[in-house]
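I opened this notebook to record what I looked up in one structure. The entries follow the order in which I consulted it.

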Amino acid sequence: MNCAILSVGTELLFGNTLNTNENYLSQQLNMLGFNVLYHHTVGDNPLRLRESLEYLREKTDLIITTGGLGPTEDDLTKEVICDVYHNKLMLSNEILGSIKAHFENMPENNVKQAYVPEKGHILYNNQGTAPGFVIEDEGKIIISMPGPPREMKAMFNQSVIPYLKGLTDEQFYTKTLRFFGIGESKLEQELMPLIHGQKDPTLATYAQEGQCKLRITSKTNMDVVLDTVNKVKDLVGEFLYSEDDEELVDVVGRKLIEKGLTISSAESITCGMFVSTLGTVPGISKCLKESYVTYSNEAKMKLLGVKEDTLDKFTEVSHETALEMALGLYTATGSDICISVTGYAGPTGDVGKVFIGIKYLDYVDVKELHLPDRGRAWIRNKTVLTMLQMINKVI
């Protein structure tokens with residue numbers, strides 16, 4: 001079944017709000033076996049909204065809209081949809097009651113959200129006040145959901161997915177693999193024996209900030225997908241860190257928790273960014289022992305015992321300094337894993353030159369990076385990812 005995603009909201013066109021709904025829905029619809037042919041974004045303008053709806057209705061079997069279901073005067077999505085899909089709005093006392101339950105004193109304009117399509121199937125909103133709905137009209141289907149991602153995702157998972165599964169017998173089996181240390185073009189090149197002439201399963205690579213993904217999809221069964229995963233491992237397994245579309249920090253955090261390992265960090269160039277990233281993992285408090293931000297040479301000497309002679313002879317950005325930082329961190333904390341980092345993020349110095357020191361039990365190493373100058377944020381982010389991958393490798 002061919003479908004389109006129509007996002008409604010002037011704030012999307014202005015760039016004030018990032019349209020994450022579009023990305024999420026495309027992924028979900030493709031996995032359910034629907035062909036997403038169009039992404040359209042339109043402002044809160046009834047004329048242009050109608051034009052988009054009429055165009056997409058003609059070109060596809062299913063339209064999914066997000067946004068424009070709020071209580072304000074410019075929220076006109078359902079009014080225009082009802083006009084295009086030959087429906088009328090009626091007041092639902094049940095919906096009105098559920099909206100009132102969200103407020104101590106409900107603003108009068110929220111009554112608008114209780115008007116729903118007369119012939120539509122209502123999608124209840126457990127996360128907000130705006131209900132969604134489904135309308136089937138002359139062989140065409142439209143599903144309308146609220147714009148806030150938290151509300152949209154909950155409604156989609158609870159109500160829309162069961163509805164969509166009833167529309168098609170086709171099923172896709174898929175896995176998304178994540179890689180670090182190899183670019184998208186190089187990944188595709190290495191996997192060309194599998195990609196060339198592919199029919200089922202299909203392989204598609206995607207670039208991410210500092211890493212890349214590979215999606216393997218089959219219409220046959222999951223065994224075909226898993227067999228291809230093993231073939232991918234044979235070709236580029238050294239760069240693979242997740243077979244389940246996980247973030248690198250989540251993979252590392254889970255391993256630390258499962259193995260009961262303690263970890264401490266000493267950061268210069270990243271200035272606490274590493275430990276802040278690791279701190280997003282639920283339950284990491286069992287492992288995260290201490291962290292030091294040693295941006296200045298004085299801090300490196302005072303907190304980590306880096307020798308003044310080392311700093312004078314080799315500078316603060318050197319193999320020797322990173323090593324002494326990691327060893328000094330172990331002396332200070334006794335953690336199972338001690339990781340240090342120092343480098344230049346710019347605009348001065350040898351921009352992109354970074355040293356990462358690590359001590360894990362009896363294993364000690366220093367990794368030297370020469371990153372391209374793509375700005376301070378990019379260099380620091382890539383450095384943190386490299387630190388995580390070094391930990392992932394050693395444990």
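**Entry 1: a strand pair.** I began with strand 10 and strand 11 (residues 211-218), which run antiparallel and are joined by 7 bridges. For the terms, I noted that strands pair if DSSP finds at least two bridges between them, and that helices (H or I, at least four residues) and strands (E, at least two) are DSSP runs numbered from the N terminus. Looking up L203, I found that its bridge partner in strand 11 is I216.

**Entry 2: provenance.** I recorded that this is a predicted model, in which local features need pLDDT of at least 70 and side-chain atom pairs count only at pLDDT 80 or more, whereas totals for chains, interfaces and linings use all residues. Residues are numbered from 1 along each chain as its sequence is written, and side-chain values use heavy atoms, with hydrogens and water left out.

**Entry 3: the whole protein.** I noted 15 helices and 17 strands in the secondary structure of the protein. The C-alpha trace spans about 80 × 60 × 40 Å along its principal axes. Of the 395 residues, 49% count as buried; buried means under 20% relative accessible area, exposed over 50%, and partly exposed in between (1.4 Å probe, protein chains only). Among contacts (heavy atoms within 4.5 Å) with a separation of 6 or more, 65% are between residues 24 or more positions apart.

Entry 4: I then placed the strand pair in its sheet, an open one of 4 strands in the order 10-11-9-12 with antiparallel pairing. Its edge strands are strand 10 (202-208) and strand 12 (240-242), each of which pairs on one side only. From one strand to the next the twist averages 30 degrees. For axes and angles I noted that axes are lines fitted to C-alpha atoms, for helices over the stretch in contact, and that angles run from 0 to 180 degrees between N-to-C directions.

Which strands pair with strand 9, and over how many bridges? Strand 9 is joined to strand 11 by 8 bridges in the antiparallel sense, and to strand 12 by 2 bridges, also antiparallel. K175 stands opposite I216 in strand 11, while F179 has L240 as its bridge partner in strand 12. Strand 9 is largely enclosed by the rest of the structure, because 7 of its 8 residues are buried.

Helix 9 (residues 222-236) lies across strand 9 (173-180), strand 10, strand 11 and strand 12, and runs at about 15 degrees to strand 9.

**Entry 5: two helix pairs.** Two packed helices are described by the angle between their axes and the distance between the axes. I looked up helix 2 (residues 20-31) and helix 6 (residues 149-165), whose axes come within 11 Å and cross at roughly 20 degrees. Helix 2 is therefore roughly parallel to helix 6; angles under 35 degrees count as roughly parallel, over 145 as roughly antiparallel, 65 to 115 as roughly perpendicular and the rest as oblique. Helix 2 contributes T20, N21, Y24, L25, Q28 and L29 to the contact, and helix 6 contributes P149, M152, K153, F156, N157, I161 and L164. By class, this contact of helix 2 with helix 6 has 8 nonpolar, 4 polar and 1 charged residues. Here Ala, Val, Leu, Ile, Met, Phe, Trp, Tyr, Cys and Pro count as nonpolar, Asp, Glu, Lys and Arg as charged, and the others, Gly among them, as polar.

For helix 12 (residues 297-304) and helix 14 (residues 319-333), I found axes that come within 9 Å and cross at roughly 40 degrees. These two, helix 12 and helix 14, are therefore oblique to each other. In helix 12, K300, L303 and L304 meet T321, E324, M325, G328, L329 and A332 of helix 14. The residues of this contact divide into 5 nonpolar, 2 polar and 2 charged.

**Entry 6: backbone exceptions.** Most residues other than glycine have a negative phi, and most peptide bonds are trans. A cis peptide bond joins D200 and P201, with omega about 5 degrees; P201 is in the loop between helix 8 (192-195) and strand 10. A cis peptide bond also joins G346 and P347, with omega about 5 degrees, and P347 is in the loop between strand 15 (337-343) and strand 16 (353-360).

Is E138 buried or exposed? E138 counts as exposed, at 64% relative accessibility. Its phi is positive, near 55 degrees, and E138 is in the loop between strand 7 (132-137) and strand 8 (140-145).
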